[in-house]
Amino acid sequence: MRQKTSIDIFTYWEHIRGNADAPLRNLIQPSAIGHILPELFILENTADDNPRFRLAGTAICNLMGREIRGENFAALWAGSQQDDPVHIAAGVMRHVVPASIHATGYCISGRSMTFELILLPVRTSSDTCDRLLGCLTPTVYATWLGNERLEFLALDRSRLLRDRPARLADTPPHPDPTDLLPHQGSASLGEWMRRKLIQAKNGRERAGIDPARNKIDDHL
């Protein structure tokens, strides 16, 4: 784990999970991770263990050249490789253990870029882990990123992040929600990301950028 976005979201996830194996969804405070929201996504599991995107930040959608909310996680990957990333993501939720993935993204022009993905389990209730908070970050930044869309990602390697810091036995399973929940009147993570997507869309329209290349879903 070397990218700043990966380190930031993992550190935040560690903070809000307390002594639990994974944090509750309602403990995520958007304002605490606002600086990395464009590179974040949320997956939700399905009955057939085929995770799909519930939310995706603007930077990720720009990389893929489309809004990916509602798409299966498999849609990002090369056709011959889709099973492994899907099994990894589903396994993160099933076994409640975070994982990292290193992948290479390819454009139709032949350009490529390496990426780091971090997959972090999130619980919707104390006995249900069916969400995944993740990030997709290029290992270096290039001027063409976001202007030339990625056709697919290819899995290079992955590993489980089992070496998490130990928690003291007398600490509570989760931090005090009053310390972590958004302040009254603040937005949920979904509302926060939706607002950012709409702002980005409005900015592109004012700049005259072709909306077909950077499609944003107003109903996020």
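The model is predicted.

**Exercise 1. Helix α3**

Task: Find which strands the buried residues of α3 pack against, then check the helix's length.

Solution: 
- Step 1. The partners are β1 (40–44), β3 (99–107), β4 (112–122), β5 (131–138) and β6 (150–160).
- Step 2. The residues of α3 that make up this buried set are P85, V86, I88, A89, A90, G91, V92 and M93.
- Step 3. Helix α3 covers residues 83–95, which is 13 residues.

**Exercise 2. Cysteines**

Task: Count the disulfides, then classify C61 and C107 as buried or exposed.

Solution: 
- Step 1. The count of disulfides is zero.
- Step 2. Buried means under 20% relative accessible area.
- Step 3. C61 has 2%, so C61 is buried.
- Step 4. C107 has 7%, so C107 is buried too.

**Exercise 3. Aromatic rings**

Task: State how many aromatic pairs the structure holds, and describe the one formed by Y106 and F152.

Solution: 
- Step 1. There are six aromatic pairs.
- Step 2. The rings of Y106 and F152 sit 5.5 Å centre to centre, with 35° between the planes; the pair is tilted.
- Step 3. Y106 lies in strand β3 and F152 in strand β6, 46 residues apart, and the pair links these distant parts of the chain.
- Step 4. Y106 is partly exposed at 32% relative accessible area. F152 is also partly exposed, at 30%.
- Step 5. One aromatic cluster is formed by F41, F53, F73 and W77.

Conventions: Residues are numbered from 1 along each chain as its sequence is written. This is a predicted model: local features need pLDDT of at least 70, side-chain atom pairs count only at pLDDT 80 or more; totals for chains, interfaces and linings use all residues. Side-chain values use heavy atoms; hydrogens and water are left out. A disulfide is a pair of cysteine sulfur atoms within 2.5 Å. Buried means under 20% relative accessible area, exposed over 50%, partly exposed in between (1.4 Å probe, protein chains only). Helices (H or I, at least four residues) and strands (E, at least two) are DSSP runs, numbered from the N terminus. The expected span of a helix is 1.5 Å times one less than its number of residues. Contact means heavy atoms within 4.5 Å. Rings of Phe, Tyr and Trp (its six-membered ring) pair if their centres lie within 6.5 Å; planes under 30 degrees apart count as stacked, over 60 as edge-to-face and the rest as tilted.
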